[in-house]
Amino acid sequence: MSAPTIRYAKMNGLGNEILVVDLRAEHLKLTPEMVRAIAAEPRTHFDQMMVLLPARVHGADAAVRIYNNDGSISGACGNGTRCIAAIVMQETGKASATFETASGMLNAWDAGDGLITVDMGMPSFDWQAIPLAEEFRDTRAIELQIGPIDDPILHSPSAVSLGNPHAIFWVDDVEAYDLSRIGPMLENHPVFPERANISLAHVTDRDAITLKVWERGAGQTRACGSAACAAAVAAVRKRLTDRTVTVTLPGGPLVIEWREADDHVLMTGPWELEYEGEVSVETPALVV
């Protein structure tokens, strides 16, 4: 008996590799082992896999389960949400889409000029909600450093949750650090019981931040939408920027607004469909 196959769409949001799998009409459950096998294939490699499932909540176009390429579950993926929003809006003919996620409902809409805006919801700053392993009353700067005590390499990151935990280190040059070396160590630091996304952020103006990200469960990526949102709100809390900023990642810019009226974070950016295909879900061999 041949292994079942599923169709996929290989997409990206600012170079953040996204694989979209639509299981709304399929009776199939992906296991972490299947996810890792699919991610190991060059043609279907991804930073995040966005799996569309039948909606259980009234008003949602679909439920979505988000996997990192190590098979773990992610609570949020802003770049991936823009990709699935583009698919659903083209499918329905509507200018908006609503998704049910592990972190709550996500709304997205057409922003014009090939851009999509995602309402990422409200950020969390409480140490238990992020979560952190110990109490920090002020998460604008938590006690964490690497390197010598009297001359640390990095220290005092801001901690934020945008559906997943983030730590943002404020630096003068994001290229001055080997993120591929320090990222895994910081992601798995004991202060982060659920691991964390690690960012290096350089504020270049009141409306501009340069960012590099090591993503929890995915590694160093060209873009991370939730990290851009986390850096933007953390910068506002530290009074480094205004509430609307352009966050420039290696893959390109995202516009982030921390809306004052309701504290929701809005992320606006592009999406791209690269190609479509089929993949075996029991073995990583692609179906031609």
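How many helices and strands does the secondary structure of the protein chain come to? I started there, keeping in mind that this is a predicted model. The count is four helices and 20 strands.

**Overall shape**

I looked up the radius of gyration next and got 19 Å, close to the 19 Å that the globule rule gives for 288 residues, so the chain is as compact as a globular protein of that length. I also boxed the C-alpha atoms along the principal axes, and they fill roughly 65 × 40 × 30 Å. Of the 288 residues, 51% count as buried. The chain exposes about 12800 Å², with carbon and sulfur atoms supplying 49% of that area. I then checked contacts at a separation of 6 or more, and residues 24 or more positions apart account for 61% of them.

**Cores**

Which residues touch the most other members of the largest nonpolar core? I found F99, L211, L249 and I256, in a core of 51 residues. Helix α4, residues 225–237, gives the most to this core, with ten residues. There is also a second, separate core of 22 residues, and I noted I130, L132, I142 and I198 among its members. A reminder to myself: in soluble globular proteins, nonpolar side chains tend to be buried together.

I went back to F99 for its contacts. Beyond four places in sequence, F99 touches L52, A62, V64, T81, I84, A85, V88, G104, M105 and L106.

**Cysteines**

I searched the whole structure for disulfides and came back with zero. C83 is buried, at 0% relative accessible area. C224 is in no disulfide either, with the sulfur of C77 again the nearest, 6.9 Å away. C224 counts as buried too, at 2% relative accessibility.

**Helix α3**

I listed the buried residues of α3 (residues 179–187) and got L179, I182, G183, L186 and E187. Looking down the axis of α3, I see these buried residues fall within an arc of 130°, so they line one face of the helix. What do the buried residues of α3 pack against? My list reads β9 (145–146), β10 (154–155), β12 (165–170), β13 (197–205), β14 (208–215) and β15 (219–221).

I flagged the peptide bond from I130 to P131, which is cis, with omega near -10°. P131 sits in the loop between β8 (115–119) and β9, and I130 had already turned up in the second core.

Next I looked for positive phi outside glycine. D113 has phi near 60°. That residue lies in the loop between β7 (104–112) and β8. Is D113 buried or exposed? I get exposed, at 80% relative accessible area.

R195 also has a positive phi, of about 60°, although it is not a glycine. I placed R195 in the loop between α3 and β13. At 23% relative accessibility, R195 counts as partly exposed.

Q48 lies in strand β3, residues 48–53. I checked its accessibility, and Q48 is buried at 1%. What does Q48 touch beyond four places in sequence? I wrote down N16, E17, I18, L19, I66, Y67, N68, C77, E215 and A218.

R216 was my last stop. It is found in the loop between β14 and β15. R216 counts as buried, at 8% relative accessibility. Leaving aside neighbours within four places, R216 is in contact with N68, I73, S74, G75, N164, P165, E187, E194, R195, A196 and N197. That list includes R195, the residue I had flagged for its positive phi, and E187, one of the buried residues of α3.

Key:
Residues numbered from 1 in each chain as written. Predicted model: local features only at pLDDT ≥ 70, side-chain atom pairs only at ≥ 80, totals over all residues. Heavy atoms only, no water. Core = buried A, V, L, I, M, F, W, Y, C linked by side-chain atoms within 4.5 Å. Buried < 20%, exposed > 50% of the residue type's maximum accessible area, 1.4 Å probe, protein only. Helix = DSSP H or I, 4+ residues; strand = E, 2+ residues; numbered from the N terminus. Contact = heavy atoms within 4.5 Å. Disulfide = S-S within 2.5 Å. Rg over C-alpha atoms; globule rule 2.2 N^0.38 Å. Areas by Shrake-Rupley, 256 points an atom, 1.4 Å probe, with all protein chains shown as cover. Arc of directions from axis to C-beta.
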